Structure formats: structure tokens, C-alpha cells
Amino acid sequence: MQRYLPRAAGTGFQQRKLTAAVLGTLALLASQGVVAEMAADVAAPAHAKETSPEMAQAEREAELPVITVSAGQSEIKRVSPEDLDSRSVANVQTILDEIPGVSYARSGGLGGQIVMRGFNSNTPRTLLLVDGERFRGRNTLEFNLIDPNQIERIEVLRGPGSSIYGPDAMVGVVNVITRKAKGDVNGPMTFTPLVRALEYNSASDMTSIRLEGQAVGNGLDMLVGASYRSANNYSSPDGAVPNSDFTVGQFDLRAGYQLQPGHRLELTLKAADTESGRAGGIGGVPGWPLVVQREDPLRERYARLAYSGRLESWGVEQLQASVYVRSLYSRLTTENRTQTNKLTLSENIVDGPVVYGGKVSALLPMGQHLLTVGTDFFHEMRKGAQSGSAVTTLSTGKTVITPVSQNSPDAQQTDVGLFAQLDYVFSDRWSAKFGGRLDYVKSQTETSPIISPALQPAYDRNRERTDRPVTGQFSLAYRWNDKLTLWGGAGTSFRVPSTIESFGSSRQGTGYNVPNPELRPEEGKTLEIGSRYNSERTHLDITLFDSRYTDFIVRTPITFNGLASYQNQNVGSARVRGIEFDGSQKITSMLRAYFNLAYVHGTDTQTDRPLAYLPPLNGRLGLRADLGNSGRFEPALRWAKGKHRLDTASERSTVGYAVLDLYWSKDVGRWFDRAGRTTLSVGISNVFDQRYRLATTVEDIRYPTSTTNPLLETGRAFSVSLKSDF
């Protein structure tokens, strides 16, 4: 896209004062009796270290509150530091794809979304948290802004979480926990520099480096980091995939100070810039050469101040409070050749949103029971998108330029929530969880500029709208014996449309993303049952769920001003059912097998048509061999059946696949005469160079199948990485 497109004056962005208090989200952090066994990991970390009480407390602070619940709920799935260090990956989505019930929807070498319980995170039904704080404002692109080498661990809750987290937590919650300094904060001050990661991956000639330095002592713990990743177009069995390259740079700081024993203040800062191509998938279909889209740049600026402590005199086991601000900026350029004899160059600029948020929560032990109460808020201010275009008629060479100008009004949304959760232990065998939440959501929009006068009445009617959803959950667990637990539960969820869904507009190809100010909130009801079996050698976890949704929002093709366009619409109702199953078996003292599988079945119950882009039956099968001084060897098989239950209006069938990956990793810390862990890992992905596509990757069925429509996955690739820890 040419940068010289002239710009017309746009409306100003009027920031308004926050009227809500600094409020917060839940952090349930204790466990008793059967709780620890129910929440145990599939396998203990191979490099567990002793930690001080202060460090252990800090590590718990960012955890999802349901990790240690005593009643039943889908088991929290974790990606451990050891798992992260044994892989060389380009993005977080690839890591999450290893969790049963989570799939990847690719849009490039870096970009893409996750699909959880059948729903693409492009529509915010899956809530992303970073260190327990809500990440809001870029559902299509948010994962592009997370450096895998900055992550300490990831925790995933599958299922409704609105009764604790409020909006968007309809099908699951992903909590990305970033690295922090490690050491004795009460000792003398020390400073340690570290080359955190050096990586290379042949799929795209990706190179990655992350440098860190930590200062610990005299009550202070501080980690500062800088990272850089760069990749060319990735290779598939059919050759290089055009426009899939990316470059990412980041600076971050996470510093804590122990005010006194049991009381910690923390400051987090981050600045990240990304340039990447959308080779296909959402926003990029059908890909090169018809549509070439690039994010140049995608930018994040973030600051957070948090406190955690114990108030024993008040009976508070843990008190948490935080405030944060995040600002985002993106510029999307598009070259579109889908119209005969025309080349359309367009530019879309989204300056924002700016999001303020915060939380306050308290954990109150009540004998063997646990009560958590809290409040949280966010305030999102979104400037209306700006766009412009240059349309050239190829046969005549004539170009019509539309200057870059604001084409949708400024809008804002505020949410304040109050919540409580009680974990109640009836006996050694029976326990229950009760949770409830009340939200106050206010959405506001200006009424100009808009892309068509026909939309004016809808904007006028919905200039200011208030929703007061109430959500709740209940679950009951029965401990059959020391190894087997049975559980069941029910929960409600909600999602108020974001300001970009209701009021925003942009160019979509040669048409538009058309705003819909009349959008209504979605509501969901979910039933779940499951069981967990844990013994010294065997772990099994199974969850079955049935979810019903009303006022379901779907991105619908329409004709607008004579052009093929899209609009978000409430289609009525939907039902999604499925199963998530995973386990592991210790074969010998050195060998453990693991597996998982998931299946989801979704229907638009208004039309009795399948929901689009749901993953078919899929899973993973692998072995982990601990070879002692020779490291860890892990072959893993990723597989999926072909998909033939389709929404034929928007997707085509896919063929099944089975792809073999091989990984070897070794702790080589002693080679470098240092106390921390240094992991050398080597991998071969897609060993047999299989040609396959993910059924969740969006395509445009108006055009023939190609390398980018839908996107082919990467072919055989070799990777090597060296990752260190303090």
C-alpha cells in the first residue's frame, strides 16, 4: 500500500474521565485435602526447584483462580516451563494447539487465532489474560504480540468463566504468565545478565534472540528483557507461502519490591512492534496474488501497577489489587485484485483502543472452605477507524484516490463487575463450588462519521446502551476413592458486543465491514460432566459438555451499496456439544506415553445448519523418554479426521492427516558452570513432509483451492534452540 495517500481531517478522540473505582478480578489460590490431587499436573516438572515462601507466593499470584478448586470443573491444562523450553515455535497459538479442545486457525507465519470449543477467538468468546489481566482490543491479532520466550507458563480453562471473569469468557480462558526475576529478595543485591533464547527454524529461516538481565536483593526483584524475531515466508510441501513473513521487536520490564514480609508491589512495562503478512485466513483470504494484506505496524504499549499481600488480622489470606493501561495501534495495507481489470490499494488505520482496567480481590479462608470476593473493571476508548483507497483501472491506467479519513465514529465501553465464589467441602468425599457475578456494561458511540446515511437511525437509537447481565455457576464433585473423582456442573455466560463489532467499519476487499449498532448481547448456558483418575502411573481426564447460546452473533455476507460486504448479525441460537479426553501412562521409570483427543459438534439451531470451521475429531499421541544424561526424546503424532459436516455456504471439506514430529532436549546447564537451567533442543516437525490443512483455517470458497486458500501448513522443518533460565 502506498504511504502517500492523502489524509483528510478526522474527528478528534475525546477521552472521558473514568468514573469507576480501581477494582479487580479473582485470584483463588489455596487448596486443601483432595484439592491438590485433583489439580495435579499430568507429569511433574523434570527440573523442579525449591523456592522461598515469597517466591512461591509470587508464582501463585498470577494463576487462574480455578486451579485449586475443590469442586469439579474442567481440569486446568498447563504448558510448563520445561515444555516451552523444549520447543522452538514462532507463536503462542502453536503451543496452545497441543491442548485438547484447542485448535489453531492460521493466517500466516506469525498470525492466527485459536479455536476453543468450536469458536474462533477472532470473535471474543475466549478471554485472554496476561499475568491475570484482561487483554482486550485486538481479537484478530492479540497473540501476535506475545513473545513465546517471555512466557513462564500458560494455563487454560476450558468452559464458561463469565461468573468470575465477566465478558468474553464464554468458552474458555487463557492465562499467559510472563517471566519474572528469581532469587532471594532478602539477600544482598545481585545482578545477572542472561541470553534467554537463541533459536533457528528452517521452515521460514526464523531467527530469534531474547536477552534478559535481573537484579535481586534488598527487597527488590527486577527483570528487564529485549527480544527480536524475524522470519521469511514459510515453506510448505508446495513451496514457499507468499506474504507469511514477519518481524517482531519487544522491550519489557517486570519489577517487584517487598514493602515488608507478605506485601509486594509490582510494576510491569512493555513496548512491542510487529510487522507481518496475512498470507490467508481471516482477513487475508484468498491470499496471494488476489489479496495481499500486511500489518505494518501492529504496536502495543502497556503499563501495570499491582499489589499483593496478606491481612491476617482481617482474615484475608491474600489481597490483590492492580491498575493497568494498554494502548494499541495498527495499520493494515491491502492490495486487492479480485475485481476484473482493477487494482485496489487500501489502507486501514486503527489508532487504539486505549484500555484502562484494574481489580481488587480477597481470599477468605473459612475453616476448610474458601470464599473469594472481588470486583474488576475496564474502560475501553476506541477511536473510529480511518481508511482510504486508490483504485486503478488497469486497461486505462486511470486511478481514483479516496483520501485517508475517519469513516466510523469514536466509541467507548465500560464494564464494572462484582463477583463471589465459595468452595465448600461437605466431607472427605463431597465438595461443591458456587459462583456468581453482576456486571454493569455501558456502551457509547458518537453518531458521525458513518459510511452511509441509511445507518444513521440505528446509530441514533443506540448512542448509549446499558446492560446488566447476571451470571452464575455451580458444580459438585464426588471423590469415589483416592484415585477417582466424578464431577458435574452448570454455568451461564454472556458477551456484550465490543464497540468495533457494533459501531466500527472498515474496507473488506472491495466492499466493507458494515457496522450493526442494533447488535444484542450473546448469552450461554453450559452443562458439563466429567471424571479424573490419578494414580502413580496413570492419569485420565474426560469432560463432556453441552452449550446453548441465544442471540448468537455471526459475521454474515451481505450486499452493501452494491458491493459484496460483511456484517455482524444476531442469528438466533446455536448449540455446541463435545468431548475432551486426555491422559498419560507411565510405562517404565524412563518412559511415559500421553494422548489426547477432542470432538465438537455445533449447529445453528435457527437454520439447522452446521456452524462453520469447527475442528473435526482430532488429537495427539506421543512418548516422553527420559534418557538421563542423554536428555529427553519425544516423538509426537498430530492427527485429525477429515471434515465433511460443513456449512457449505462458507467452507469445503478437508482430508484427514497424521503428522509426526520429533523432539530432543537436554539440560546442559552444567556445561556453562551456572546455577540455572540451560536447555538445548533440536526438533524435526512434519518429518514426512506431509501436505495438509487445518479445518479451522478460514478460506474463500468463491476461489479455487491454492497454497493460500486455505493456507497449507508448514512442511518438513528443522529447529534448534538454546534457552536459559536464572
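N186 is partly exposed, at a relative accessible area of 46%; here buried means under 20%, exposed over 50%, and partly exposed in between (1.4 Å probe, protein chains only). The model is predicted, so that local features need pLDDT of at least 70 and side-chain atom pairs pLDDT 80 or more, while totals for chains, interfaces and linings use all residues. Residues are numbered from 1 along each chain as its sequence is written, and side-chain values use heavy atoms, leaving out hydrogens and water.

N186 is found in the loop between β8 (172–178) and β9 (190–201); strands are DSSP runs of E with at least two residues, numbered from the N terminus. The side chain of N186 makes a polar contact with that of Q258 at 3.0 Å (a pair of N or O atoms within 3.5 Å, one able to donate a hydrogen and the other to accept it). Between N186 and P261 the C-alpha to C-alpha distance is 9.5 Å, with 75 residues separating them in sequence.

Y257, L259, L265, L267, L269, L305 and V323 make a nonpolar surface patch of about 550 Å² (nonpolar side chains joined within 5 Å, from residues with over 30% relative accessible area and no salt bridge). Two or more residues each come from β14 (246–260) and β15 (263–278), and β15 gives the largest share, three residues. L269 lies in β15 and is partly exposed, at 33%.

Elsewhere, β2, β3 and β4 form an open antiparallel sheet in that order, where pairing requires at least two DSSP bridges. Its edge strands are β2 (102–106) and β4 (119–120). Two bridges join β3 (residues 112–116) to β4, and V115 has N120 as its bridge partner in β4.

Note on methods. Patches are made of residues with over 30% relative accessible area and no salt bridge: like charges are joined within 9 Å, nonpolar side chains (Val, Leu, Ile, Met, Phe, Trp, Tyr) within 5 Å. Accessible areas come from the Shrake-Rupley method with a 1.4 Å probe; for residues, only the protein chains shown count as cover. A salt bridge is a side-chain nitrogen of Lys or Arg within 4 Å of a carboxyl oxygen of Asp or Glu. Helices (H or I, at least four residues) and strands (E, at least two) are DSSP runs, numbered from the N terminus.
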